[in-house]
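Here are my notes on this model, point by point. Please read them with the structure open.

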Amino acid sequence: MLRNTIPWLIAACAGSVIIAAYFVPSAQGWQDTIGQWFEVLASFAFVLGGVNLAMQNLQKISAREPGWGYAAVTLMSFLVTLGVGLFKVGVPADSSGSRWGGSYQAEGSAFWWLYEYAYNPTISTIFALLAFYVASAAFRAFRWKNTEATLLLATAFIVLLGRTYAGAVLTSAIPEEYSAFTFPGLTTLIMGVVNTAGQRAIMIGIALGVAATSLKVLLGINRSYLGSGDG
Amino acid sequence: MAWLQTLDRRWIFLAMLLAVALPQLLQVRVPEKPTPLVLNVFRKIEELPEGSRVLISFDYSPSSEGELAPMAAALVRHCCEKRHRMVLMTLWPDGKPLVERAISRIIEGEYAALGLQAGRDYVNLGYRPGKEVVIKTIATSLRAEFPTDDAGTPLDDLPLTAEVTNLQDLDLLISISAGFPGLKEWVQYASSPLKLPLAVGATAVQAPQAYPYIPRQLLGILAAVKGAAEYEVALGERYPNLAIPERQDAVRRMAPQLWAHLLIIALIVLGNVAALVSRPRGGVR
Amino acid sequence: MNLLCRIPPRRYWFAVCLGWVLCCCGWGAAGAQPGEPVPGESLPGPPGGLEGVDHPGDNGTAIDLRWSLSIDDRAEFKPRRVKGYRLERRALPSVAGGSEADSSTDETQVFELPYGVGQFVDRQCVPGRSYQYRLWAVGPGGESAVVETAGPVTPRRQWFDGTRTGFALLLLAICGAVIWFTERAKRGKSLHVREIAALRAMREAVGRATEMGRPCLFIPGIEDMNEIATVAGVAILSHVAETAADYQAEIVVPTTRSLVMTAAQEAVWGAYLKADRADDYRPDRIYYVSDEQFAYVAHVTGYMVREKPAACFYTGVFYAESLIFAETGNSVGAIQIAGTSEATQLPFFVAGCDYTLMGEELFAASAYLTREPQQLGSLKGQDAGKVLAVVLLLAGCLLATAVEVWPGWDPPVNALRWLTGRLLGGG
């Protein structure tokens, strides 16, 4: 009952109110309230996550598991970032002369420094890895093996060229009135017509899937996320 | 051709590094021409009366800054040129410093001569947690999510937001988006139900997702660096003071993109040649 | 609105003269309200026909206002003769009884509006209270003559947003179909589901990991539990975990949200109980990493390279990390099965993984794997929704074509307007 039925009832009530609020103007305030409750609960989840992260890594360090040094670095980074943010290390004083009045993210603060010179370049680097993975995937996965793959390959060529200056140069001999047959023109056609048609079909399917799954959650047919073991 | 079949992928990585780095270091520039979807956004901002209220949501993190920051800068510059009043916000926690950077570098830096004032000409609402719930809430009540601006001043005390009850009191919404929450959520919870004009800037991967919403739910789209480069060119043609390399970051990034695309085409061809050579006799299955 | 093009030249001069007369009269009549005129600058012509009506389908807090622009409000006049409009709202005293009005509301409120704008929605009204509006065009020389609404306007609270009736009907039809087919399936009606290769391969993948003595890695996306795709991903996790418990294979679930971690722990615990292997359950294998996308990516790819999982499952919401996961998984020789509702990431999973659940297949997975009648019934309901979508698409295409082919014929125009404006417009 406590593990299963009450959480389901909360989910069902909150979902029903949000649906009703879409059609009943006077219920819109309830929707806002539920949204604010979600934010409050999601904030508590940060604490849950922090505790789990600390426990996992402390366990690794104390058991001297392989790679425990990385766990130590993770834990240290976590604590340092948390500390400089909470204690407003290096935050410039505000107009009243108080350091506590300034924002923890203020320019020049330790937190700002970590954001600018540690966090920002690190995550930009990992995102940039995509360029390398795209290249290796192109080499490995794009194969001319059947009709569908050939169509995919041809489309990739046109769009890759059409999205750069090379496409315009290669088809620059085509007169202006036939610009739809240049690489940029064909790219616009592919993106605007073929891609849009495909995207719409997938989106309609996904929207119906979301509606049906939401309904299953509201009706309690799908409770696997509560650990019921069924569906 | 055996070497192709067993090619170490680190050679591919090296080739990609060179394809991107060399044009960047040599400062190669390629010309760009604005396409209709970019021009739709440009014309909308251009045609809005001076002093219109434009909301710009920086829905991205530093990881996609390389792809989206040039278009964010171009859009803010355009609003400054047109003296539109800007309401700036972000749905991403690490997007807050990006908003602050846009304000300090562009509004208070490049356009310092205009004397644009916080609260009157622009408002930084900052970040609120809640993702798409924030959009849903500000669609009906801006103050329910943002009772104050980022500096803690009540919205009623700021001339720009004193008359803004919710999103419907704004003349244009712009989301510069790298994922969730982003363009799809702005369409679903703002432009579509409230019939508000929405323009978006998106990463290359996310852009195809935006096309089905054009033209009813989205008036235009700036797709990745190319979209930003086209916007910068359109901006430079209208405002010659912006047609300088320092204000055309995205145009500068198009040459590395050209060479990276050409390399990928070459790799696809090489991959197929390798597969063809290694295919057993008897034809294609 | 291009008024100048519509008015013949002689009438135009008449309108200008009339505007001048009205300006002068209005200036006098408006008393102390308008701004002081600037010597040497002419006053702009007044706006026309200010109308106010209750905003439809709302909570009684808004009034729609409309007017025609001042004849001087034109882009070609440079410098502009109209700089904007000044709208004043005056709250009338409440009528005793039967009104929800709050008499403590400010008596008057002023809105400054930009030029070129002929409508405004006042959203700061009190339900049931009456308001009178006055409007001026503001130019460099001062304000025009005033125009007023014909009478007081009262916003009313509606219990149902009528503009969304069509959407409500569609929602009822789709949800009704899902419930009806679910009930039919519960009563024993057998339902056929087509083969989905990716789901069939899940058991094989876990089996392969068991044979190789390597772990199975399950990534339930990078979004929170409020995303339905994450809920669908966790449902798949419970089945994969049940198979893993059966085969005594190790399953590792790093998560990017702590709420997902809790739900995943519950799902895996439920699966181990169901497989009667409660003793093998290790909660420390389902752990939180970081809310930050690329910190999570760094951890997961690092784990892949170090531990070399034999089977990788990616189900839920994915963004830029999809290709990084798929390529790293490929480089360690794992069998990879992916499913996402993010259409933009499907090409990367298709290119990088062995099997991919495309969009709606992700939501069908739970029904396919459990074969429970009520879950299968919901799939049938989804199909009914698809039939409805196809019918609407075809009707829309035919009507739009008819409008183009027979431009003067009203029935297709009206039908298309009803379809796009009334039935689909509210959503």
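**Notes on the A/B interface and the cores**

1. B:R101 forms a salt bridge with A:E116, the closest N and O atoms being 2.5 Å apart. The term means a side-chain nitrogen of Lys or Arg within 4 Å of a carboxyl oxygen of Asp or Glu. By this rule, the interface of chain B and chain A has one salt bridge.

2. The model is predicted: local features need pLDDT of at least 70, side-chain atom pairs count only at pLDDT 80 or more, and totals for chains, interfaces and linings use all residues. Residues are numbered from 1 along each chain as its sequence is written, chains are lettered from A and ligands numbered from 1 in the order in which they are written, and side-chain values use heavy atoms, with hydrogens and water left out.

3. In contact (heavy atoms within 4.5 Å) are 55 residues of chain B and 44 residues of chain A. Together the two chains bury about 4400 Å², 65% of it on carbon and sulfur atoms. Buried area is the accessible area (1.4 Å probe) that two parts lose on being put together, summed over both.

4. B:Y211, B:P212 and B:I268 supply 13% of the area that chain B buries against chain A, more than any other three residues.

5. Of the 110 residues in the largest nonpolar core, B:I56, B:L167, B:W186 and B:Y231 touch the most other members. Such a core is a set of buried (under 20% relative accessible area, 1.4 Å probe, protein chains only) Ala, Val, Leu, Ile, Met, Phe, Trp, Tyr and Cys residues joined through side-chain atoms within 4.5 Å.

Methods:
Buried < 20%, exposed > 50% of the residue type's maximum accessible area, 1.4 Å probe, protein only.
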